[in-house]
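Please look through the structure below with the sequence at hand.

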Amino acid sequence: MEVRWYQGSDQKETPQGNEFDTPILFYKAKEFDYTSQKASYAGRVSFGLKEGTSGGLKTGDISLKLRNVTLEDTGKYTCFVSSLADYDSASVSLIVTETGRPPLLSAVMKDDDQVNVSCESEGWHPKPELRWSDRTEALTSADVSFSKTSAGLYTVRSWLLVPSSSEVSCAVGFASEVPKEARIHLKYSPSLPEESGSSSAGWVAFGLLLAAVLAASGALYFLYFRRKANKSRNDTTDGAQLMNSPDEIEPLLSEVWSSAALSEASKHYVNVQLVDTRNQWITIKGSKLRDRTGAKPPDGDRVTSLTAVRGSPGFTSGQHYWEVSLAHSDLDPKVSWWIGVTNKQEIPDDKSLSPTINNGFWFLSSCPNQERTVQFNTDPEVSFLLESRPKTVGVHLDYDNGKLSFYNVEGKCLIGSLAAKFTGELFPLFNPGKGDISPMEVLQRAEEVQSNNAIAEVQILNAEQAQSVKTEKSQAESSK
């Protein structure tokens, strides 16, 4: 008896041709024959069991087992069995699916108090479905388009207009599976004063990269938000312009998915020290801080800059990374905190100060009365839900490229990034919030003796010094 599995259709007669002659699995004379096997299936095929109770080949089960399946494996497979007395065949179709990335959302503020929200997700096969919805009903998008990569994977894109204060979600997936979803909550206040200082004219631009994990399914989403600082359409600041159509939105997938981002950021670790200014509302012990027990600050239960403190050193260029612990021993993670940077050498003792980007503060914080929700101090306010409260937050400041990123260290994933044009000196910013038993701790890491570059420089210097000493000694001996 011979068993031949090959890729192609069942011809219902003695098959011929290249597909038959180059089988993916060929069994004859009680052993496998790989001499004519199709090269792309080498090491990936064998007989399998149709079900757990199957007796295998002894009971006539000649099912095919295919490992390390790729998109190229999609198609029809034929099993051809022959003996001296007879032959027969049957075919089966294999459909290979590839589940893509969680959606990325981008938002562009429009002049008519509407927001153009775009959704993009890559890495799918076959084409997925994309659905928009708000809290109550499905929404109809203006457009859904697909593009295909050289690897055969699909990227899907769509956009729609929503009110400037709204909550929308974009779900992408296959009909038979739970879709991957990204959700964004926008809360816009139109009666805002114009910014002062260098950003008072033209367009103010900031970006958010939000990598929140929803409880039901993973959701990584990107928010790129631009808004106007005044009414002029002709003014510009740092080359930024309001985006008026989906085509003007920058590519979203260029660097979001690097799993090594945290590892790369941590190469720039710096031990940050808390600057103790004898703040009467907080307690600092070494690298730990929390709100002072029994204190009754004038801002009440609100978390304001009265309980904020800066760190040292300050930064005017380069990349820098530090970590902040929000959980200790058997205590639950903190529910009230700020972590970020500021350009204030002294934190203003002013409960009415608005700690916004325009006032020199850039930070990620907890949300009042929402334990698993975090937010950026942006305007409009943007908040997003996490699967669980982070225990350790890593902060990566890329000053020269204007990017501040926050990582869930235990989860080894990005929480979110804030993009801005930094000027002047920036300092680490901390606020332990109020009412937490658990303190906030700035983690200290043992400094490496030398980097590879430093070692190489020392070795070169030592070699040059040794050569100089050797030359001097030779000259001295010659002069004797």
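**Disulfide, strands and salt bridges**

The torsion about the S-S bond of Cys119 and Cys170 is about -80°, so this disulfide is left-handed. Cys119 belongs to strand β9 (residues 114–124) and Cys170 to strand β14 (residues 166–173), so the bond ties together parts 51 residues apart in sequence. The two sulfur atoms are 2.0 Å apart, where a disulfide is defined as a pair of cysteine sulfur atoms within 2.5 Å. By this rule the count is one disulfide. Strands (E, at least two residues) and helices (H or I, at least four) are DSSP runs, numbered from the N terminus.

This is a predicted model, in which local features need pLDDT of at least 70 and side-chain atom pairs count only at pLDDT 80 or more, while totals for chains, interfaces and linings use all residues. Residues are numbered from 1 along each chain as its sequence is written, and side-chain values use heavy atoms, with hydrogens and water left out.

Cys119 and Cys170 are both buried; the term means under 20% relative accessible area, with exposed meaning over 50% and partly exposed in between (1.4 Å probe, protein chains only). Cys79 has 11% relative accessibility and therefore counts as buried. Cys413, at a relative accessible area of 28%, is partly exposed.

The sheets come next. Five strands form an open sheet in the order β3-β2-β1-β6-β7, with antiparallel pairing. Its edges are β3 (31–32) and β7 (87–94), each with a single partner strand, so one side of each has no neighbour in the sheet. Two strands are taken to pair if DSSP finds at least two bridges between them. Within this sheet, strand β1 (residues 2–7) and strand β6 (residues 75–82) run antiparallel and are joined by six bridges. Gln7 has Tyr77 of β6 as its bridge partner.

Glu264 is placed in helix α2 (residues 261–265). With a relative accessible area of 42%, Glu264 is partly exposed. Its side chain makes a polar contact of 3.1 Å with the side chain of Lys267. A polar contact is a pair of N or O atoms within 3.5 Å; within protein, one must be able to donate a hydrogen and the other to accept it, and residues adjacent in sequence count only if both atoms are side-chain atoms. Glu264 and Tyr321 are 57 residues apart along the chain, and their C-alpha atoms are separated by 9.9 Å.

Side chains of opposite charge can pair when their charged atoms come close. A salt bridge is a side-chain nitrogen of Lys or Arg within 4 Å of a carboxyl oxygen of Asp or Glu, and by this rule there are 14 salt bridges. One of them joins Arg44 to Asp73, with the closest N and O atoms 2.9 Å apart. Arg44 lies in the loop between β3 and β4 (45–48) and Asp73 in the loop between β5 (63–66) and β6, so the pair ties together parts 29 residues apart in sequence. Arg44 and Asp73 are both buried.

Another salt bridge links Glu167 and Arg183, whose closest N and O atoms are 3.5 Å apart. Glu167 is in strand β14 and Arg183 in strand β15 (residues 180–187), so parts 16 residues apart in sequence are tied together. Glu167 counts as buried at 15% relative accessibility, whereas Arg183 counts as partly exposed at 26%. Asp276 and Arg278 also form a salt bridge, with the closest N and O atoms 3.6 Å apart. Arg278 is exposed, with a relative accessible area of 72%. Salt bridges with shared partners join Arg135, Glu167, Glu181 and Arg183 into one network.

Confidence is given by pLDDT, the predictor's confidence in each residue from 0 to 100. The chain has a mean pLDDT of 77, and 74% of its residues reach 70 or more. Confidence is lowest in strand β16 (residues 203–210), at a mean of 37, and highest in strand β22 (residues 319–325), at 97. Over residues 449–461 pLDDT stays under 50. Where pLDDT is low, the predicted coordinates should not be read in detail.

How values were computed: Contact = heavy atoms within 4.5 Å.
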